[in-house]
Every structure is written in C-alpha cells, then in structure tokens.
Amino acid sequence: MADLALARPRRRTLRLRSGHVGTTLAALVLAGAVLAGLAAPLLWPLDQSAIALDNIAQPPSLAHPGGTDDLGRDGLHRSLYGLRVSLLVGLVAAVVATVIGGLVGGIAGLLGGWPDRLLMRVVDTISALPHLLLGIFIVAMLRPSLGAVILSIALTHWLSTARIVRSELLSLRTRPFIDAAIAGGASRARILRRHLLPHILPKIALATTLMIPHAVWHETSLSFLGLGLPPHLASLGNMINDGQRSLLTGAWWASIVPGAVIVMVTLAIAALAARWRDRLDPRVRAELNL
Amino acid sequence: MTLLQIDGLSVRFRLRDAVVQAVTDLTLSVRPGELLAVVGESGCGKSVLAHALFGLLPRNAEVTGRALMGEVDVLRCGEKRLAREIRGRRLGLVPQSPATALTPVRTGRSLLAETLRAHRRDPGLADTVAADAGLDAHALDRYPFELSGGMAQRLVTALALASDPPLLIADEPTTGLDRPLVDHTLDLLRRRCDNGGAVLLITHDLAAAERVADTVAVMYASRIVEHRPAPDVFAAPAHPYTAALLDALPDRAFTPIPGHPPMLTALPPGCAFAARCPRADTACASRPGGPVACHHPLVSEAVA
C-alpha cells in the first residue's frame with residue numbers, strides 16, 4: 001500500500017515563483033504601498049493640512065519629491081495619507097459589499113423558489129443603474145464622511161458577489177455529495193457549514209480581492225467629484241481634482257503624483273488577484289503549468 | 001417484528017411527455033438479523049427504492065404506498081423528522097458512485113470524525129471504523145480526488161457504519177473493489193446481521209448476493225418478480241427471469257437473455273418479462289401475483 005501512496009500536492013498558495021516578473025513587481029508595489037500607508041504617520045509626522053504659503057507650487061525636488069501644491073503642501077506626503085484613506089475605504093467597502101452580497105446570494109441560492117426570483121430581480125434592477133450615479137445619490141443623501149463613502153461603495157458593489165454565491169450554491173446543491181450528506185442525517189445548518197461553505201469561501205475571498213481596486217476607484221471618483229472626504233483631508237481623488245487647476249499653470253506634478261499612486265496600487269492589487277484566481281482554477285493552473 | 005415494512009410502494013417520475021414507472025407496487029419487509037439482497041439489471045428501479053426511503057427523490061417524483069420503520073412512515077413523516085430521527089440514525093446509506101458522494105474539499109478523516117462526533121461517538125475511533133471497512137488509516141488523510149475508486153468505496157462504507165444504524169441500505173457497495181475486498185465488505189455486512197443488525201443490499205452482483213444474503217428479491221422492470229429465501233432462489237429459481245439471470249453467469253450456462261428489458265415509460269399491462277420468456281403464452285397478457293410473479297413458474301410448489 002505504502003509504495004502506491006500518491007504524492008500529496010504541495011501547498012503553495014502564496015509562494016511566488018521566479019520568472020513571474022509582473023507578479024513579483026505587483027507584490028512589491030502593494031507591499032510598499034501598504035507599509036508606507038501604515039507607517040506614514042510614524043515616518044513623516046507632518047500635519048497633512050498644514051499650509052506653507054512661502055513654499056507653494058514647487059516642482060519635485062530632493063526636499064519635496066512629489067512637489068508642493070498651491071497651498072505649499074507636500075504632494076508625496078499628502079499622497080501617502082490619501083493612499084491610507086483609499087486602501088482603508090477599499091478594503092472595508094469590499095468586505096461590507098461581500099457580506100451583503102454573500103447574504104443575499106446565500107439566501108437566494110439556498111431557498112430557491114420565489115425568494116430567489118425576487119432577490120435576483122432586485123439585483124438585476126440595481127445592476128441596470130450606473131454604479132457611480134447610484135453611489136453619488138447615496139453620498140448626497142448623507143453627510144460627507146468616511147462612513148458615507150464606504151456605504152456608497154458597498155451598496156453598489158455587492159451585486160456580483162450575490163450572483164457568484166447564488167450560482168455556486170445552485171450548482172453545488174445538485175452534487176451527489178450533498179445527497180449523501182442528507183442521507184447521513186446531516187441538518188441543513190451542518191450541510192451549509194461543513195459541505196457548502198468550504199467550497200464557496202475561496203471564491204468569495206477572491207471576489208472580495210478583485211473588488212478592492214474597484215472600490216478604490218469608486219472612492220477616488222467620488223472624492224474627485226467633491227462628494228468624498230471633506231477637502232482639507234487628503235484623498236487621492238480630491239488631490240487630483242485640486243491639481244487640475246495647477247495643471248494650467250504648468251504644475252503638472254500636482255495631479256500626476258496622486259494619479260500615479262492610485263494607478264500603480266490598483267493595478268498591483270488587480271494583478272495579484274488575477275494571478276490568485278488563475279491558481280484557484282485547476283484548468284488554468286494546468287495550462288500555465290504551475 | 002420487522003425493522004422496515006414496505007407496503008405497495010410505487011414511484012413515478014413525471015416528465016414533460018412521459019411518465020417513468022420506476023418502482024411499482026413493491027412490498028418488502030426486513031427483520032432484524034436479516035440480509036435482504038435486492039438484485040436486478042441496471043435501470044430496474046433498485047436505487048430509486050433506496051432514494052425513496054431517504055426522501056432524496058427529485059421534485060417530479062410521485063411516491064405512493066407506505067414504508068414503516070416502527071411507527072414512522074418514512075415516506076410521509078416529513079423532512080424534519082427524516083433528518084432528525086431516520087437518516088443516518090435508524091437508516092444508514094452506503095451511496096452508489098462513492099467518488100462523487102464525498103465532499104471534494106475535505107479529507108476522509110475530517111468527514112469520518114465529524115460523523116462519529118455527530119452520533120456521540122469518540123472521533124478517535126476513525127481509524128478503527130476505517131479498518132473495519134478495509135481502509136488503511138493513512139488513506140484517511142487524503143482528499144477524495146486522491147483516492148482510488150475502491151478506496152472511496154471503502155470510505156463511504158466506513159462513513160455509513162460510523163453511525164451504527166440498525167438498518168443499513170448498501171447501494172452497490174462492492175463497485176470498484178477487487179475480489180478479496182468484495183469478500184471483505186460482504187463479510188462485514190454479514191457480520192452486522194449476525195450481530196442483530198439488518199442490511200438491505202442493492203446489487204447486480206448475483207455472486208455477492210449468493211454469498212451473504214438470507215433472502216433475495218429479484219426486481220425486473222420496476223416490480224419484484226421473485227422474493228424467496230436465498231438458498232432456494234439460487235438452487236431452484238422459480239421465475240423464468242431469475243433462472244435466465246442465473247444462466248447468464250459465467251460459471252453457469254453463460255447464455256445471455258435474448259432481447260432487452262422494456263422501457264419504464266411504456267410497461268406492458270401483463271407480465272413485463274413475457275416478450276423475452278421461453279415459457280410465455282396467452283395467460284401472460286394478464287399480470288401474475290404472489291411471491292413468484294409468474295403464471296408458469298419453474299418450481300410450482302413455490303407459488304403458495
């Protein structure tokens with residue numbers, strides 16, 4: 001028996017391989033961004049709204065690598081603080097959206113019948129509306145704050161998760177091992193916890209990860225439109241907006257620095273999430289020879 | 001006293017343009033200590049019978065008749081009662097096609113320990129229960145996709161035994177096993193019966209039934225055509241279909257039965273076997289009854 005034992009597949013969920021330059025680069029960018037965001041208040045304890053009118057609109061230099069804006073504030077410093085906000089909002093909003101989507105999709109997929117039809121028509125209806133417009137509507141009804149932004153994102157981004165969870169449950173329900181578990185006397189709660197959840201949790205986690213860059217963009221868009229955080233607090237969106245005016249006077253860095261930060265970080269997250277998705281799918285994994 | 005008393009069980013599936021008559025007017029009983037083998041060709045309704053008892057039939061199934069376990073009619077008692085009292089507790093199932101009956105993302109040990117715990121037994125018994133079913137302890141730590149068909153078969157057997165139900169329904173429990181393991185599994189089922197348990201063995205392996213069964217029920221085209229003690233059935237089959245089945249065995253005449261079984265969507269009003277039967281005559285246009293459902297049985301005294 002022992003010599004027939006099959007080799008166990010090695011676990012390599014997070015191990016990076018040499019040769020995947022893009023993945024490594026994305027991981028480094030993301031790790032750098034998260035570390036910089038977390039450590040910013042320690043490394044660079046400068047009041048983000050402190051105005052220095054003797055130092056306005058300076059191009060990038062050694063003293064100010066990101067230049068300064070029309071109120072003399074350091075562009076890189078404010079970008080880091082804006083990044084903190086973006087990452088926090090992106091993560092929290094993605095998690096909240098996943099919880100909402102998971103609950104709706106779970107109820108629809110488990111109950112079936114009219115609750116399923118009703119909930120899915122609600123999902124279709126909301127999908128038919130433009131996300132940003134709906135998001136603007138939600139923040140416009142609330143006072144501008146971090147919470148309002150998160151709510152606006154969460155309430156517009158749970159739809160895909162609901163659909164994923166529902167369709168997974170519908171297909172899992174027909175698999176013979178569910179019948180076998182029922183025949184073994186398992187209760188509905190036990191089947192959900194021990195037989196269904198282990199299947200859908202990785203997919204939900206992946207959906208959440210893929211949602212983070214969307215959520216970050218949504219926050220940036222809202223802030224750019226002046227509907228996000230109050231203007232004195234740095235956010236990548238309102239920095240890009242502020243920088244527009246300076247662009248006309250030749251101060252290109254005011255918009256470019258926060259813009260570059262948001263593009264790099266969201267691309268890094270999206271690249272890593274896509275790579276993770278490829279690894280989770282055995283067919284793609286075989287194709288890529290991972 | 002009986003553990004399970006099935007009276008007039010019929011199962012029909014309504015399709016868009018046809019009705020599949022999967023089980024017709026089936027009456028059976030299982031006593032404690034009895035090993036009843038239900039044998040028959042693929043598609044004769046054996047597995048539907050098992051699924052009906054567990055309430056696992058799809059929604060388009062129409063079930064009539066009764067199946068009493070004690071005072072509970074498992075066909076009518078409702079989902080809640082089935083889940084809490086019957087399934088896994090008084091009625092165990094060794095499911096068919098074990099490879100798909102195992103949750104792919106969990107190891108055998110995790111499934112077995114959970115089952116033991118759920119039935120208030122020591123989860124540490126997992127190795128012992130697996131060994132009883134002929135499965136090595138190290139195979140328990142693998143995921144279902146890493147198991148061979150035979151290993152998966154022994155694992156589902158172990159899972160069904162973990163709750164130690166008074167009546168075990170084993171749906172083709174020897175598929176994918178080689179001869180020594182088939183014998184091991186059959187002996188395991190026989191021992192359960194000798195220790196007061198009962199087993200309803202669903203199989204198309206007549207040699208397996210001959211080895212361990214006390215009684216045999218032969219199914220053909222949704223009905224039981226012969227239901228008698230096993231030694232009698234194998235020594236002197238009374239129904240021409242049973243005789244033809246036995247003659248098809250390699251170590252007997254090795255002669256196939258001519259023709260095909262009728263479609264379950266278009267069963268004849270009389271004897272379903274008449275079209276293939278050498279003894280058929282005009283009487284066979286009406287349906288025969290009794291423990292041997294034949295107008296012209298090979299052993300006349302069996303029709304009492």
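Which residues does Ala26(A) touch, not counting residues up to four places away in sequence? Select Ala26(A) and you'll find Ala268(A), Ala271(A) and Leu272(A), where touching means C-beta atoms, placed from the backbone, within 7 Å. Before you go on: this is a predicted model, where local features need pLDDT of at least 70, side-chain atom pairs count only at pLDDT 80 or more, and totals for chains, interfaces and linings use all residues. Residues are numbered from 1 along each chain as its sequence is written, while chains are lettered from A and ligands numbered from 1 in the order in which they are written.

Stay on Ala26(A), which sits in helix H1 (residues 21-43) of chain A; helices here are DSSP runs of H or I, at least four residues, and strands are E runs of at least two, numbered from the N terminus. Ala26(A) counts as buried because 23 other C-beta atoms lie within 10 Å (the cut-off for buried is 20 or more).

Now hop to chain B and colour its open, mixed sheet of six strands, ordered S6-S7-S8-S3-S9-S10; strands pair if DSSP finds at least two bridges between them. Strands S6 (91-94) and S10 (223-229) of chain B are at the edges with a single partner strand each, so one side of each has no neighbour in the sheet.

Next, pick S3 (residues 35-39) and S8 (residues 198-203) of chain B: they run parallel, joined by five bridges. Click Val39(B), and its bridge partner in S8(B) is Thr203(B).

Terms used. A residue is buried if 20 or more other C-beta atoms lie within 10 Å of its own, exposed if 12 or fewer, and partly exposed in between; C-beta atoms are placed from the backbone. Two residues are in contact if their C-beta atoms, placed from the backbone, lie within 7 Å.
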